[in-house]
Each structure stands twice: as C-alpha cells, then as structure tokens.
Amino acid sequence: MTMVTVSNRVQQTKPSYIRNILKVTQQADTLSLAGGLPDAELFPLDILAQAAAELAQSPSIFQYGATEGLTELRQWLLNDDNLNEDVLITTGSQQALDLIARSYLNPRDKVLCEAPSYLGALQVFDLAEAEIRTVIAESDGPNLVQLEQQLAKHKIKLFYAVPDFQNPSGHCWSLSKRKAVASLLAKYKVALIEDAPYRQLRYQGEPLPTVSELSSYAAFYLGSFSKIATPGMRVGYVRANQALLEPLNKVKQASDLHSAQPMQMMLLATVRHPLFAEHLTKLTNTYRARRDYLAALLKQQLKGELTFEVPQGGMFIWAKLTRHNAILLAEAALQQKVAIVPGDEFWPSNHTANYQAIRLNFTALTEAQLEQAVIRLKKAIQSCSPN
C-alpha cells in the first residue's frame, strides 16, 4: 500500500525521550526521576472541586470563546500594570512556544539557546526548521562573552531562555546577567523568549526581576500554571507587546480556535481562591524538603559518582557524571526500575554534549520513594561500572 510521505520537518525532529519514557514509568513498580512532574497528591483538590462546581452556574462558558482567551483571566494576568502589553491564553506554555515559532521563524532562521536547554523548545525549533545555535549555560546565566560573539557573528532572530531554575540545569540567572542579557539583545535587536514555568517554585533567595521587565527590545514572557495548580488543565499564557502578539493570534485561530474555556474559568477561580496562597506555601515547603532530601541521599550514596549544585528552586537536580556514559546509565537504571533522563537529550540534535550528566526530578516522589529510587540508581551505576 502506498503511504503518504511524511514532511521533512517531522522526519528531522527527534521524539521526546521523556514523553516516550512516560509509558514505562506508568508501570506500578517503576519509580520515575525522569519527568518534570508535580506531585498529584499535592494538587489543590478542594479548591478545584469548588471551582468545578461553579462551572455549572455559567452555561455560556461551554460555548465557543475568543481566541485571545477568557477576558477575566487575561485582565487578572495583566493586572493593568502595563497598558502597552497584552496577553494570549494558550494550551499550556508549550503551545505559546509553538505559536511564536510558527509566527516568526522561516526555515534556516537562527535561534539561540542555552546549552543544555529544555528539550520541548528544541523540538519546536526543529519543527520550524530553524538553525539552533548555543551558548554555554553557567551557574549564574549564559556565558556573556559567548553570547555577544553569537549575536555579533550570526543573524540571530530569537534567544530562548529559562532564567529562573532552568530546565534541566536548575540554574538561576543573577541580576547582573539579567541586565547584561537584556542590554545585549537590545544592542543586536534580537527578540527574547523568556520561559518561566518554575518561577514561583523558589525555595531560597529573593525573587529577581524577569529579563522581560528589563528588556527595551522585543520580549515574549511565557507563563504556566502546570507546576503550581495542575498540568492537566493545560492553561498557559504568553505576555508581550500587542503588536508582537497579533501574528500569534492569527496562528492560534488556525490552530485550535481557542483554548478550553471551562479550564480557563476553573483555573481563574483556583488562583483567586483565598486558600490558594496557602496551597502554594505548602507546595514550596514540601518540594524544598524533597530537594534537600534527594541532595543528601546523592551525597551519601553516590559520592564520587556524580557532582551537582543544589538549585535554589525548580524541580531538578542536574548531576554531572564522573565516569559513566549517561545514555548507558539511563538504560541500566530502567533495568533496575528507576527512570532518569540522560543529559544528551538537552542538546540540539546537531550538537554533542561536552560532558556526561543526568537530570533528576525531586518533586514527584515522596521522601521514602526518593530513597528507594537512589538505592536503585546506585545498583544501576554498579551494574554498568567496570570491575
């Protein structure tokens, strides 16, 4: 039977290791340190139940809606503090990335990312047939010398970054680097995509201004409720200058008309609820304790096998391996019923990782499960170590 030919852009896009591994990790006896999953046991279920019940009082919410999103939610997000900006509600902040890429990138346009970088963004840029260039991610932000070299030498169109508790490295940019990056992007007229899904998961230190706030040139700020409310609602947003958002609105119209209105209304009722702040405090306290517990376990059980910095927030510990191959270790770990992500997945497909690392999630498992997961990881390391 003759098959329809798949497009080149799909053929050249790597499937997501994490999405594929989810099938394996859903088996009851497998412990996952792999995904960026919040703990379902910590979802604000009482608040969500109340918000869901209120939907029945608003039958019109089940009708078609505006592409831009629910007016009340957009007003709440904008908070009337910048009349030049607008906001577009998206189906998770992943869709915001896709809309930006489809609105602004032509094949072979150059996009700059930190290395390592969020693999979902790398997939989006591959699908857009962009040329991905990289700048090394340091513990306080991108290497500024490299950044300026890339901006000066190549006609970069977009710079994608996660300044708050970067995925996968957990790094948080310093204030001086935020200011320097904003200045360089304005100098070379390069638009910023600031992805901020972890910004509210800070466990220590003071919140810093977003890079978008410091920018005098084009900037897209991507927000998500997946990590602090629930990921299944798929409510995210992109905030930017009104003129920058107009093309995204057109692409979204063609893509899905609008994001689900009942989910938007439920989300708004959830974040407005008087007990939501209490939920957020409980969430950050629990995740801080799990971060500290996993860090202590790794130091006790795997000393000499890996090195890492304890992140100030987010969901991940980025551990550099001292003597093992990350891909082989990830395979050995699955044999021991524990899932991890090899660091190679976070480099663009045309780049090679310059060190071996693994990403470990500490938010989805309880402390008892984290302990068991590290025991299994230790067995995996022993199984693929030379005698």
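The structure is a predicted model, in which local features require pLDDT of at least 70 and side-chain atom pairs count only at pLDDT 80 or more, while totals for chains, interfaces and linings use all residues. Residues are numbered from 1 along each chain as its sequence is written, and side-chain values use heavy atoms, with hydrogens and water left out. Helices (H or I, at least four residues) and strands (E, at least two) are DSSP runs, numbered from the N terminus.

Two packed helices are described by the angle between their axes and the distance between the axes. Axes are lines fitted to C-alpha atoms, for helices over the stretch in contact, and angles run from 0 to 180 degrees between N-to-C directions. Contact (heavy atoms within 4.5 Å) is made by Gln94, Leu97, Asp98 and Ala101 on H5 and by Gly120, Ala121, Val124 and Phe125 on H6. By class, the contact of H5 with H6 comprises 5 nonpolar, 2 polar and 1 charged residues; Ala, Val, Leu, Ile, Met, Phe, Trp, Tyr, Cys and Pro count as nonpolar, Asp, Glu, Lys and Arg as charged, and the others, Gly among them, as polar.

H5 also packs with helix H10 (residues 242–256), at an angle of about 105° and with the axes 9 Å apart. These two helices, H5 and H10, are therefore roughly perpendicular to each other. From H5, the residues Gln95, Leu99, Ile100, Arg102, Ser103 and Tyr104 meet Ala243, Leu244, Pro247, Leu248, Val251, Lys252, Ser255 and Asp256 of H10. The contact of H5 with H10 contains 8 nonpolar, 3 polar and 3 charged residues.

Strand S10 (residues 306–307) is joined to S11 by 2 bridges, with Leu306 opposite Leu321 of S11. S11 and strand S14 (residues 357–361) are paired over 5 bridges; in S14, Arg359 stands opposite Trp318, Leu360 is the bridge partner of Ile317, and Ala357 stands opposite Lys320. S13 and S14 are joined by 2 bridges, and Pro342 stands opposite Ile358 in S14.

Of the 6 residues of S11 (residues 316–321), 5 are buried, so this strand is largely enclosed by the rest of the structure. Buried means under 20% relative accessible area, exposed over 50%, and partly exposed in between (1.4 Å probe, protein chains only). In S14, 5 of the 5 residues are buried, so S14 is likewise largely enclosed by the rest of the structure. In a regular strand the side chains alternate between the two faces of the sheet. Ala357, Arg359 and Asn361 point one way from S14, whereas Ile358 and Leu360 point the other way.

With 41% relative accessibility, Ala260 counts as partly exposed. The C-alpha atoms of Ala260 and Gly65 are separated by 8.3 Å, although the two residues are 195 residues apart along the chain.

Methods. Angles under 35 degrees count as roughly parallel, over 145 as roughly antiparallel, 65 to 115 as roughly perpendicular and the rest as oblique. Two strands pair if DSSP finds at least two bridges between them.
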